[in-house]
Amino acid sequence: MKATGEVNNPYGDDKVIDSCSLFGMMNTKGERFSSSNPVRAIANMHERVNGLGGGFAVYGIYPEHEDLYALHIMYLDKGARKDTEKYLDRSFIVLLGEEIPTREAEVWNPPLFWRYFVEPKGSQMQDRQESADDYIVDKVMKANGKPKTFVLSSGKDMGVFKGIGFPEDIAEHFCLEEYEGYMWICHGRFPTNTPGWWGGAQPFNILDWSVAHNGELSSYGANRRYVETHGYSCAMQTDTEVLAYAFDLLVRKHGIPIQFAAKVLAAPFWDEIDSMSQSERSVLTALRQVYGSLLMNGPFSIIVAHQGEMIGLTDRIKLRPMTAAIKKDFVYLSSEEAAIRLVSPRPDRVWNPAGGEIVVGRLESPEILQVALAHHTLRDAR
Amino acid sequence: MKSYIIPEYTVDIDRDRCIRCKACIEQCTYGVHHYNAEKEAIISRNEECVNCQRCVVFCPTKAITVRKNQNSYRKNYHWTQDMIVFAKRQAETGAVALVGMGCDRPGFTYWDNLLLNASQVTNPSIDPLREPIELRTYLGRKPSKLDLAFNGGEAALATELAPQLCVETPILFAAMSYGAISWNAHHALAKAASELGIYFNIGEGGLDRRLYRYGERLIVQVASGRFGVHKEYLNVGAAIEIKIGQGAKPGIGGHLPGDKVNEDIARTRMIPLGTDALSPAPHHDIYSIEDLKQLIYALKEATDYRKPVAVKIAAVHNSAPIASGIVRAGADILAIDGFRGATGAAPKIIRDNVGIPIELALASVDQRLHEENIRDEVSLIASGGIRNSADVVKAIALGADAVYIGTAALVAMGCTLCQRCYSGKCPWGITTTDPEISRRLNPEVASRRLVNLVRAWSIEIKEMLGGMGMNAVESLRGNREQLRGVRLTDTELGILGVKMAGK
């Protein structure tokens, strides 16, 4: 069995190149809603995709297991499942394991999908002197190294459903109309080759972080070297993977607020930094000095989600589209305004964020840390 | 003893064009030309000609042609003309044969086996005439993590950064000492660095006080001879570089002959007038890595931890583990000088046989530091053999933060690589301390030429970066995906960390 990277990228290209449609929809009160609008919206951008990839990351779908890590795992055959389940039993306390319901749909050669609700084994945790999150990342990376196995998602109270097909057909296949979540991140794909592997579709996920990405990172080689230094292994050879790790490193491990993390990935130009006030200048100069290798250079627009937040960001000269909108308690991010207007014809506000300008939709929950930041280009969508 | 060496060049003066103005006689510092009144003609002593092209350029009627001597030994691929002359010269002098500049033998340049990428369809290339493309680079030690503190919503740095050098383009002028090069050349390099927002490494010969005003754009060097090193000297520069080795002559010291040590140079180097300035092969207070660490910290103490300390080594077989040790010893910047690196004087046998190409050394050092997770802590400067802006771009893609250019800067000022720097007679006024010959180099004009060269390269670097779809140079650093190799073995590709073209 080949490693996941070889399956995902059988020609050994530097990275998987594709163009995409993105759509994100969040209820900032945390009220859960069905797949109906997200699926209609992403299906409306049919022209941007070619049927070789579609997927959804849904947050708030497992409230009955919200304290457990939900592992969505793809198997190419039953043997792989048996082997990997032994590994899961050794690594975790598995409280529930079940097949993910699917139905016949216009999708290509679907593999098996299972989900497990787990917590780390306490005794192993103590030996390793690390956080539960680090433990999960490590185990997920190892599971992805196993034959015919791929972990689609590993966060709490969330899950990723994705595969080879148009996004609306993927939704049909996974019976997504039966789920409700407060945040849906949708992705449709137009790859320049035919990976033919369900794990290569998007959104890409690690822990709580999901990334739906449209674009190509010219800086991939530099970005990859940097995240590798910090312990991430880039097994998939996709640039999207690097984006997910960059967010995880900056926000979770280094404690850098998301607004500043955006200023690393889509850094302001030196001319802008030089003209800022002394205090801003010193912070942003240091961010570029220290994290210069995490500048995501080349065209991209991304929707990044983690529990409680939906983030939209484009490259600093906006070579890929992104439109944002607000309607009452809903925040929308989309590759096209038309998709937003299809599901919300008269939004309170619609705008096109400037290149490198972050848009954050945030749950109105006291549990979510609110860091107020005074910065002229930082805009909070809520 | 009669010399058996046949002249390397012949000088041909077109009698019809020549107006007997004698400019060539005045320009040649080697005494090649003289006027024969009887024949009313310029006669040239071919055996003295070094092919510096000075007389050719300054002949007002373009009457002079210098040619490779057609009269040569029997063709032999093993005993080349060069080898035969080399042996004869030693047989006649009994001495180590000296040479100037870098190794000129074929077959050691990997830059020409590396090709760059460009965007097509899936990724728009960026036009530097329409969009900003950034070359600014900070050199110095970086923390692996930045801590921010928040005070009433205002963000502030909680991590104190080590001192950094800021260059507006990732090109610095390589170490060239006052004494090895003339006062005017030194002045021109300092002035150009200042105008360009880059740095000039002043080399190991101390700093004339007249150049202190350029201090914030100078890197001062501490080498094994410790010439001109004192507290004020250390503090006047923007950074300090400890020179361990030099690509042109790894493993050996330096020698500035006494007849080049005039009053100004003696004062600047703090040595007696007319004495030889000898740099020992090793630093006699550095016999291993812990001694280097002490020197790094002694220099940091002397400058209050306000200046980055760089360490420069020659590219040799085990550069990678040495580099790792140097980073762990506290160096903020590591400079690696490759096999093609030049010098004012080196034994030819050393220059042409000791050390390894910068491309391989750079790639292996970058990879080793990466594997040890310390690459991002240090800045890497590649040096020795950078000829054009594409070499700069390739060096950065192989892992360099910036490059030093020495030979290219000299070429900009007039150097033609005649390789006779050690003679002290440089007809272009660069590698001489003779006040009369030095006057040929106008520091204003030389500085303008240097600024032009670096500006032109910077524009070209922006074109190449934009073509690859990047608008900041840090996105290229260590980004070997942007390189492909041609005519290389799997082993060479493996060390360079580069795929074969077509893959």
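Predicted model: local features only at pLDDT ≥ 70, side-chain atom pairs only at ≥ 80, totals over all residues.
Q: How many residues does helix α3 of chain B have?
A: Helix α3 of chain B has 13 residues, 81–93. Helices here are DSSP runs of H or I with at least four residues, strands are runs of E with at least two, and both are numbered from the N terminus.

Q: And how far does α3(B) reach from its first C-alpha to its last?
A: It reaches 18 Å, close to the 18 Å expected at 1.5 Å a residue. The expected span is 1.5 Å times one less than the number of residues.

Q: Okay, helix packing. At what angle do α4 and α14 of chain B pack?
A: About 45 degrees, with the axes of α4(B) (183–196) and α14(B) (443–467) 8 Å apart. Axes are lines fitted to C-alpha atoms, for helices over the stretch in contact, and angles run from 0 to 180 degrees between N-to-C directions. The two helices are therefore oblique to each other. Under 35 degrees counts as roughly parallel, over 145 as roughly antiparallel, 65 to 115 as roughly perpendicular and the rest as oblique.

Q: Which residues of α4(B) and α14(B) meet?
A: Among them are B:Ala188, B:Leu189 and B:Ala192 in α4(B), and B:Leu450, B:Val451 and B:Val454 in α14(B). Contact needs C-beta atoms, placed from the backbone, within 7 Å. The contact has 10 nonpolar, 3 polar and 2 charged residues. Nonpolar means Ala, Val, Leu, Ile, Met, Phe, Trp, Tyr, Cys and Pro, charged means Asp, Glu, Lys and Arg, and the others, Gly among them, are polar.

Q: Over to chain A. How do α9 and α11 pack?
A: α9(A) (258–265) and α11(A) (278–291) pack at about 55 degrees, axes 9 Å apart. That makes α9(A) oblique to α11(A). Their crossing is right-handed. A:Phe260, A:Lys263 and A:Val264 of α9(A) make the contact with A:Leu284, A:Leu287 and A:Tyr291 of α11(A). These divide into 5 nonpolar, no polar and 1 charged.

Q: Sheets now. In what order do the 4 strands of the open sheet in chain A come?
A: β5-β6-β4-β7, with antiparallel pairing. Strands pair if DSSP finds at least two bridges between them. β5(A) (92–99) and β7(A) (149–153) are the edges. The twist averages 30 degrees from one strand to the next.

Q: How many bridges join β4(A) to β6(A)?
A: 7 bridges join them. A:Met74 stands opposite A:Phe113 in β6(A).

Q: Which strands does helix α5 of chain A lie across?
A: β4, β6 and β7 of chain A. α5(A) (132–144) runs at about 140 degrees to β7(A).

Q: Last one. How many residues of chain B are in contact with chain A?
A: 39, against 38 residues of chain A. β9(B) gives the largest share of chain B's side, 4 residues. That side has 15 nonpolar, 12 polar and 12 charged residues.

Technical notes:
Residues numbered from 1 in each chain as written. Chains lettered and ligands numbered in written order. Contact = placed C-beta atoms within 7 Å. Left-handed = near helix turned anticlockwise from the far one by under 90°.
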